[in-house]
Amino acid sequence: LSLCSYSQAQELCFYRTSCTSKKVGNNKRGGGSVITRASKRCKIELRKSLRFVGRYEFEGSKAMLIDEEKSLKVFEALDFGYNNKQKERINCKDGLISHVDEEKEAQRVLLRCFSSAEHYEHEVAIVVRNGSLDTKFVETCCHFSVHEFEAYSASNTPQQFVISVEQPKMKLLRVVQSAHVGLTLKSERRDELTVDDTNIDFMQHYLVKVRIILRLIGQCLCHIHERGIIHGAVNLTSCGSFVGKKWKLTDLVGARSTNSHFLPDRMGIYPPPESVEISGNTNEENFDQYLNLNAPAQDKNILMTDHFFVSSLPAHVSIDIWSFGVLIYETLVRESFRSLFDQGNQKSQKLLSSSTYDAKDDNQTFMARLYHWNEEDLREVVDRLMEDGFGPLCADLVSHCLCTSPNDRPSSMEEVLDHPFFNECETF
């Protein structure tokens, strides 16, 4: 392998033979690729030889996301050269580097691989701009093009441009989901989704835990705001716990500088009311008709469109403060924010999952409600928090973050973190 180029190592590892099956120990090694037939010791070295630019080991057999418009493919990978502090641990039994122990030193990353220099350079400009951000508060990113590592590119493949993005060990979504496992619910009915008296201690512990996490996320937002960056899509999947139990903000690639503009696709499924508009030929009367959940389906087709957002939205701290209010609500109530408007037996998107933040289908009613977001909606938020046992301090903070007008929300994340909710021990 030391004599092979990268392309030669690939050919060797995936060379297939049809030799007669032969049993060696407890393993059968017959036909198939060399790497699948290899012994454990050889397989470790073969996998190392296949590492992209000498440090990234791909997970899975294909890209997890393909965006043809951006000429982008996204892969999950392990980074064995993370922070240039790769540590080799020796297995005393056979004197070989243990692949299992080595993986503990690797950092999970997403590799965003572009075949178009234009789209790559656009994202790199954002990464470079975010370079002033402290990695104690945000994910680590690095970027390179394959021509910097000629030995790792095959002559017949197009040039690749890569951005490596650090991935968390756990997302805040998982912390919230775990609360459902630890709770015994009185009823599956929406209006009785409360905890039993025997679980008061559990919920008190949960409240203490998530209050600390939410404060840390708030400090991360303070950090990026101080440097003129607005995140724009803070939610349970963009807050993660990294090595050393450090909570950071993720998904910074789509962030914007203060007073620049967000595109509609950044806002996610819980945009602030000021980002929602009536599109096309839809008038106020028709839009109000859509709010009538009992109206015939054909009457609602007037709004079956993705054009719910203003063409561009100035990046302002009020956007992140709105998102932070939604984040607190979902973390405490442990349900989708959208479930506030479920009617009768409607329970779609009630429980939280990663798909909650991926899908935008069947979202028209919620967008319509956001367009007319008012004091009555805020009262529903407050009532739900109080019903679930969270005190008036919590309800006051969330309702202020979710004010209809950006001017009525707290003026900064520092003001949010100064709220008594984070500084007084309000019990469940």
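The model is predicted. The protein has 428 residues, of which 46% are buried. Its secondary structure consists of 15 helices and 17 strands.

**Overall makeup**
- About 22,200 Å² of the protein is accessible surface, and carbon and sulfur atoms account for 49% of that area.
- Of the contacts between residues at least 6 apart in sequence, 70% link residues at least 24 apart.

**Packing of helix 7 and helix 10**
- Helix 7 spans residues 200–226 and helix 10 spans residues 317–333; their axes lie 11 Å apart, at an angle of about 165°.
- Angles over 145 degrees count as roughly antiparallel, and the two helices are therefore roughly antiparallel to each other.
- The crossing of helix 7 with helix 10 is right-handed.
- On the helix 7 side, the contact includes Tyr 206, Leu 207, Val 210, Leu 214 and Ile 217.

**Setting of Gly 32**
- Gly 32 belongs to strand 4, which covers residues 32–33.
- The relative accessibility of Gly 32 is 9%, so this residue counts as buried, the cut-off being under 20%.
- Beyond its neighbours within four places in sequence, Gly 32 contacts Tyr 15, Arg 16, Thr 17 and Arg 37.
- Phe 14 is 18 residues from Gly 32 in sequence, and their C-alpha atoms are 8.4 Å apart in space.

Definitions and conventions. Residues numbered from 1 in each chain as written. Predicted model: local features only at pLDDT ≥ 70, side-chain atom pairs only at ≥ 80, totals over all residues. Heavy atoms only, no water. Axes fitted to C-alpha atoms, helices over the stretch in contact; angles between N-to-C directions. Helix = DSSP H or I, 4+ residues; strand = E, 2+ residues; numbered from the N terminus. Parallel < 35°, antiparallel > 145°, perpendicular 65-115°, else oblique. Left-handed = near helix turned anticlockwise from the far one by under 90°. Contact = heavy atoms within 4.5 Å. Buried < 20%, exposed > 50% of the residue type's maximum accessible area, 1.4 Å probe, protein only. Areas by Shrake-Rupley, 256 points an atom, 1.4 Å probe, with all protein chains shown as cover.
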